[in-house]
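Me: I have a structure here and some labels attached to it. Please tell me what each label rests on.

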Amino acid sequence: MGIVSELAMSCPELWYALRADDFAYTLPMRQISLIISRLLILVLAIAGSVFAQANPEWTEPFPPFRIAGNLYYVGSKGLANYLVTTPQGNMLINSDLEANVPLIEASIEKLGFKFKDTKILLISHAHWDHDAGSAMIKELTGAAYMVMDADVPVVESGGKSDFAYGDNAATLYRPTKVDRVLHDGDEVRLGGTVLVAHLTPGHTKGCTTWTMQVTDRGKTYNVVIVGSPNVNPGYKLVGNTSYPQIAEDYERMWRVLKSLPCDIFLGAHGSYFGLEEKYPLRKEGSAIPFVDPSGYKNFIIQKEQDFRTELARQKPAAK
Ligand SMILES: [Zn+2]
């Protein structure tokens, strides 16, 4: 139902053409071939949509490893999870899909830590690929779930109150109770480590970029874990009645991201910061390849440019 209604919304002309029930038997060949080509487009659109929602890389295992200090990568190839270890238990960023939870657990245990020691669960933002497994992780570990204020209604409704995907059944998940509501600039502390929650809204209303400091071989690094700067296909930046301030929120995000000091550049998906390219460099024993301040700057410049292009494209259409 989600995909069909999405198609009806995104391409109403095609939708109505295909719904016409009086075309049979009497149509000339030209119209029949037109209908066939439209059917092909429909099939491709549905296939594309299904693929987008079930990217095989999301559940493809990736070797867990220490990034720096007490910060570890425990995610899959396509979805990033971070474990922050402390003497008083551990913090986990992102829960991914429910199908990812056993992978996350296996990664944590492989590094020699206990999944059950997860005391705090955090997310990058309230989209199913980062938070659908949260209910399961809470049940398995008893972790306290801490979420940015504006994403709390989405998390607690299992995705139903999301401004863009709320009526898309494929993106919904188990509603999950939030134990602590976070606000911009709040600190999450455990066992001597501090994570700071920065509100970087637009992609979701409560999209969160996490920062922390890690010390590795005597050096201290500023870590930035980007929430998401993406303008997804179908996002309305102009005249969005369910998120009127969306464009202003993206503007706020660019300001915040540019203001954060960054040595170690990370994010909600490995593709943001080149996980697959940087991982082998680490194995060869070179300097920490995730120290990449210029990669961080370039990423923001590129993403902001994409946003401005899309905003300019939508503006004349709204007049
Ligand atoms: Zn997202």
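**Labels and their grounds**

Reply: This is a predicted model. Along the chain, the donors of the zinc ion follow the spacing H-x1-H-x75-H.

Me: What makes His125, His127 and His203 donors of the zinc ion?

Reply: The cut-off for a donor is an N, O or S atom within 2.8 Å of the metal. NE2 of His125, ND1 of His127 and NE2 of His203 coordinate the zinc ion at 2.1 to 2.2 Å, so these atoms count as donors under the 2.8 Å limit.

Me: Why are β8 and β9 called paired?

Reply: Two strands pair if there are at least two bridges between them. β8 and β9 have 4 bridges, in the antiparallel sense, so they meet the criterion. Arg189 has Val194 in β9 as its bridge partner.

Me: Why do β8 and β12 count as edges of the sheet?

Reply: The open sheet runs β8-β9-β10-β11-β12, with mixed pairing. β8 (187–190) and β12 (264–267) each have a single partner strand, so one side of each has no neighbour in the sheet. From one strand to the next, the twist averages 20 degrees.

Me: How does the span of α8 compare with the expected one?

Reply: Helix α8 (residues 246–259) has 14 residues and reaches 20 Å from first to last C-alpha, close to the expected 20 Å. Its buried residues include Tyr250, Met253 and Trp254.

Notes. Residues are numbered from 1 along each chain as its sequence is written. This is a predicted model: local features need pLDDT of at least 70, side-chain atom pairs count only at pLDDT 80 or more; totals for chains, interfaces and linings use all residues. Side-chain values use heavy atoms; hydrogens and water are left out. Donors are N, O and S atoms within 2.8 Å of the metal (3.2 Å for Na, K and Ca); water is not among the atoms, so sites may look incomplete. Helices (H or I, at least four residues) and strands (E, at least two) are DSSP runs, numbered from the N terminus. Axes are lines fitted to C-alpha atoms, for helices over the stretch in contact, and angles run from 0 to 180 degrees between N-to-C directions. The expected span of a helix is 1.5 Å times one less than its number of residues. Buried means under 20% relative accessible area, exposed over 50%, partly exposed in between (1.4 Å probe, protein chains only).
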